[in-house]
Amino acid sequence: MSAIRNLFNKMRPSFEEGGKLHAFRSVFDGFETFALVPNDTSKTGVNIHDAIDSKRIMSIVVIALVPAMLFGMYNIGYQNYLAAGTLAGASFCEIFAYGFLAVLPKVLVSYIVGLGIEFAWAQWKGEEIQEGYLVSGFIIPLIVPIGCPLWMLALACAFSVIFCKEIFGGTGMNIFNPAIAARMFLFFAYPSKMTGDQVWVAQDSIFGLGNTLPDGFTAATPLGQMAQGINPDASICNMICGFIPGSIGETSLIAIGIGAVILLWTGIASWRTMLSVFVGGAVLACIFEHTGQSMVWWHHFILGGFAFGAVFMATDPVTSSRTTTGQFIYGFLIGAMAVIIRVMNAGYPEGMMLAIFFGNMCAPMIDHFIVERNISKRLKRGGTK
């Protein structure tokens, strides 16, 4: 560690005011902050020292996302070999390697485009590079189908960073989750690449791994089948484990559950928000099931992006409600709205992302009314008019 610090200390003069590389000071600061704990200290005012900062928060969230990413890679290979009928003769390493090679380009495009814009924006504004995109860049590839073209993913990343983050002032100032914005952009701009039965299974061989599937091959998701009133092909066990077609990181309830435990144990995510999303979804799903308009209520939790959205996206500390009572209302609203969209809109069986988008929109209003209510109650207790 001392060797790394000495290297940065040796390079720093070139990037400081008057140095020949001063124009790239933001880039240098970004790499130094990523590799080491910042050595800057405040000189005046009252300060609160905490053991956690934004970099550590983002790192923990990325760690929590790793199980969903790894299983998603395996499932991509699994679905390809299963569709070709060669699953029995494939080893675990072959299946995972195929999925890894299929997902890796999407992760690279997400980070190269998103961080490239972040770096360029920081240089232009003369500001520090923020760590917020470390999580967004990891989530965006997980919430798109494997059939999403790379150029579309690049456009979505650029849109989310520029129009849903930097314009608002960067990390901590945005009102919409950038990953949600990227997913929404893709869905409304290129719906044929985000829905249907042809986008969920990788259909080409990669470096001799996997199989090239016939043209026109389709694989419907269980959620899409249920939305059409068709009994899904997958078993309940496969739905819970994640061996079903779907977005890369959203299929495995077990992998998502591991991430949820990490986030709750470290205190990064709000248990109030997470719990109330499931409660809101359960209440509305039970109502619809009782009226005969919906599938079994708990199927909503194990299919589509409901669990992934509740754990990793609804709990985003920047775009979610920040008051204690507001978190319950915010989460319940998202869960209820997701089920309403799924049941009432036959053309859009996956409603979680749209629900979180509207939840982000309502979060400031929810907090405002909660704070105003608390102020009013305190004034009344104190006898102040």
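Predicted model: local features only at pLDDT ≥ 70, side-chain atom pairs only at ≥ 80, totals over all residues.
A cavity is a set of grid points where a 1.4 Å probe fits but cannot get out.

**Stop 1: the whole chain**

Start with everything shown as a cartoon. The chain has 385 residues, and 49% of them are buried. Now think about which parts touch: of the contacts with a separation of 6 or more, 69% are between residues 24 or more positions apart.

**Stop 2: the second largest cavity**

Rolling a probe the size of a water molecule over the atoms shows where empty space is left. In this model the count comes to 3 cavities of 30 Å³ or more. Let's visit the second largest cavity, which holds about 60 Å³ of space. Select Glu118, Trp121, Ala122, Glu127, Glu128, Ile129, Gln130, Glu166, Gly169 and Gly170 to see its lining. What classes of residue make up the lining of the second largest cavity? There are 4 charged, 3 polar and 3 nonpolar residues.

**Stop 3: the largest cavity**

Next, select Met58, Val135, Asn177, Asp316 and Pro317: of the 24 residues lining the largest cavity, these are the closest to its centre. The space inside the largest cavity is about 310 Å³. Its lining has 15 nonpolar residues, along with 7 polar and 2 charged ones.

H3 (54–84), H5 (133–142), H7 (178–189) and H13 (306–313) each supply at least two lining residues. Which helix gives the most to the lining of the largest cavity? That is H5, with 4 residues.

**Stop 4: helix H10**

Now select residues 253–266, which form helix H10. This helix has 14 residues and reaches 20 Å from its first C-alpha to its last, close to the 20 Å expected. Show the side chains of Ala255, Ile256, Gly259, Ala260 and Leu263, the buried residues of H10. Turn the view until you look down the axis: these buried residues fall within an arc of 145 degrees, so they line one face of the helix.

On the face turned away from that buried side, look for the exposed residues Val261 and Trp265.

Finish just after H10, at Gly267, where phi is positive at about 75 degrees.

Notes. Residues numbered from 1 in each chain as written. Heavy atoms only, no water. 1 Å grid on protein atoms, 1.4 Å probe; cavity = no way out; pocket = protein on both sides within 12 Å on 5 of 7 lines; lining within 4 Å. Points joined across faces, edges and corners; volume = space filled by probe spheres on them. Nonpolar A, V, L, I, M, F, W, Y, C, P; charged D, E, K, R; others polar. Expected span 1.5 Å × (residues − 1). Buried < 20%, exposed > 50% of the residue type's maximum accessible area, 1.4 Å probe, protein only. Arc of directions from axis to C-beta. Contact = heavy atoms within 4.5 Å.
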